[in-house]
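This report describes aromatic contacts and charges placed over rings. Please consult the sequence and the structure shown here.

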Amino acid sequence: MKRECRYLPLSKQPLVLVLCQVKFSPVRQMAEYISKIQDEFRRQGFPIERTITATPGIVISAVGMQVNAMERWEFRNRDETTSIVVTHESVVLLTTRYDRFENFAATLKRAVDTGLKITEQSEFGVIERIGLRYVDVVEPAANEDFRTYLRPGFHGPSDALFRPATSHVFVRVVGRTEVKRAGQPFTEGTLAVRVLQNNLGMDLPPDLVDQTPRRSRTIEPGTLVTLIDMDHFIEGSFDPRTDEIIALAYGLHDQVIEAFHEHIVTPEAIEVWR
């Protein structure tokens, strides 16, 4: 597998988190498979098992909205910078120590292959969603404006409208994409781009703060930071073949990288991060 987009390593990497979710048809008795899954993940370099937690899941039905508990198992590598999270309907790989997609994809392939084979989803299940999410942090120097780093569509209104240091930008753009694989018809995808600011010391969007591996970056409360949150995903019914899943993940990745460079951040930002 090879990328069809640029590879431009940055020495001052703004990237905080990368995650990929592979969602499959539900396995209601997932707990019965966890001991075998854990043993395989231990052999793959994820020996730390976190306590099973229950996270709320909202279900809308004819009787109204219900909140159900969803079991969640997390397995971390030794330095706790990368984790695999398993639920009854997904395998998610998250990392705060990302070097390049090829290495991330290789780990993802092993994790998904393990989950699908042990639960027999590789034979009896279907893949319903593949999603790739990147979160970057823009931290301008004291004499810089964050707008120098972002294309005009993400600038928000002029600061002159507000009292000094009181405005926060929140921009969300969603659209359809064509996720391409070599020699295959394209698959329709969805790309959501969010630019959001806070001065609370948060380097991640609120929905990810309590779900991520260890991070080395710290941001002092009171410092205005700008988060770039890019979520690219496909939904449907796909064969549970790991090679196909990774090929689609590459397609998602390539468009995220090109969108980041060509439509989200400025050339000046790239030069600062080089």
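Tyr 98 is buried (under 20% relative accessible area, with exposed over 50% and partly exposed in between, for a 1.4 Å probe and protein chains only), as its relative accessible area is 18%. Tyr 134 also counts as buried, at 4% relative accessibility. The model is predicted, so that local features need pLDDT of at least 70 and side-chain atom pairs count only at pLDDT 80 or more, while totals for chains, interfaces and linings use all residues. Residues are numbered from 1 along each chain as its sequence is written, and side-chain values use heavy atoms, with hydrogens and water left out.

The structure holds seven aromatic pairs. Rings of Phe, Tyr and Trp (its six-membered ring) pair if their centres lie within 6.5 Å; planes under 30 degrees apart are stacked, over 60 edge-to-face and the rest tilted. Two of the pairs are listed below.

| Pair | Centre distance | Plane angle | Class |
|---|---|---|---|
| Phe 41 and Phe 75 | 5.3 Å | 65° | edge-to-face |
| Tyr 98 and Tyr 134 | 5.7 Å | 80° | edge-to-face |

Phe 41 is buried at 0% relative accessibility, and Phe 75 is buried with a relative accessible area of 0%. One aromatic cluster is formed by Tyr 98, Phe 101, Phe 104, Tyr 134 and Tyr 250.

Charges also sit over rings (NZ of Lys or CZ of Arg within 6 Å of the ring centre and within 35 degrees of the ring normal). Arg 100 lies over the face of Tyr 7, 3.9 Å from the ring centre. The charged end of Arg 129 is placed over the ring of Phe 233, at 4.2 Å from its centre.
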